[in-house]
Amino acid sequence: MNWIGIDAHKSSATIAVMDDNGNVIEMYKVNNDLQAWTTFYLKYSGNATVAIESSTAGKHIARLLRDFGMDIHIANPNKLNLIFKS
């Protein structure tokens, strides 16, 4: 299983992929377009849980990936620091 965090922006997104032990196994940047998200889906479909920030761009990406059938969780960026400290 992969655990994926997406930092979404208007024209691009940074993706961090972690294994079950929390080790970052991949980090890369993609364009924020349908082709890039289709490629992302094909690579991780059925093998990932995705967390994405609740920004405008993040919500758009979350809807797209959820429509593809991925397991998506929306994260409030203002609350993430509390999660990391717990």
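Helix H1 covers residues 34–44, and four of its residues are buried: Ala 36, Trp 37, Phe 40 and Tyr 44. Seen down the axis of H1, these buried residues fall within an arc of 95 degrees, so they line one face of the helix. The other side of H1 has exposed residues: Leu 34, Gln 35 and Leu 42. After H1 comes Gly 46, with a positive phi near 80 degrees.

This is a predicted model. The average pLDDT of the protein is 90, and 91% of the residues score at least 70. Among the elements, H1 has the highest mean pLDDT, 97. Helix H3 (residues 80–85) has the lowest, 57.

**What covers the buried face**

What covers the buried residues of H1? The cover includes four strands: S1 (2–8), S2 (12–18), S3 (24–31) and S4 (48–53). Helix H2 (56–68) is also part of the cover.

Phe 40 shows this residue by residue. Leaving out residues up to four places away in sequence, Phe 40 touches Ile 4, Ile 6, Ile 15, Tyr 28, Val 50, Leu 65 and Met 70.

**The core**

The largest nonpolar core has 21 residues. Those with the most contacts inside the core are Ile 4, Ile 6, Ile 15, Trp 37, Phe 40, Leu 65 and Met 70. Which elements give two or more residues to this core? They are S1, S2, H1, S4 and H2. H2 gives the largest share, five residues.

**Aromatic pairs**

The protein has three aromatic pairs. A pair of aromatic rings is described by the distance of the centres and the angle of the planes. Two of the pairs are set out here.

| Pair | Centre to centre | Angle between planes | Type |
|---|---|---|---|
| Trp 37 and Phe 40 | 5.4 Å | 75 degrees | edge-to-face |
| Tyr 41 and Phe 68 | 5.0 Å | 40 degrees | tilted |

Why is the pair of Trp 37 and Phe 40 edge-to-face? Their planes stand at 75 degrees, and edge-to-face pairs are those with planes over 60 degrees apart. Trp 37 and Phe 40 are three residues apart in helix H1, which means that about one helical turn separates them. Both residues are buried. Ring pairs also link Trp 37, Phe 40 and Tyr 44 into a cluster.

The pair of Tyr 41 and Phe 68 joins two helices. Tyr 41 lies in H1 and Phe 68 in H2, so the pair ties together parts that are 27 residues apart in sequence. Tyr 41 has a relative accessibility of 22% and therefore counts as partly exposed. Phe 68, at 26%, also counts as partly exposed.

Notes:
Residues are numbered from 1 along each chain as its sequence is written. This is a predicted model: local features need pLDDT of at least 70, side-chain atom pairs count only at pLDDT 80 or more; totals for chains, interfaces and linings use all residues. Side-chain values use heavy atoms; hydrogens and water are left out. Buried means under 20% relative accessible area, exposed over 50%, partly exposed in between (1.4 Å probe, protein chains only). The arc is that of the directions from the helix axis to the C-beta atoms. Contact means heavy atoms within 4.5 Å. A nonpolar core is a set of buried Ala, Val, Leu, Ile, Met, Phe, Trp, Tyr and Cys residues joined through side-chain atoms within 4.5 Å. pLDDT is the predictor's confidence in each residue, from 0 to 100. Rings of Phe, Tyr and Trp (its six-membered ring) pair if their centres lie within 6.5 Å; planes under 30 degrees apart count as stacked, over 60 as edge-to-face and the rest as tilted.
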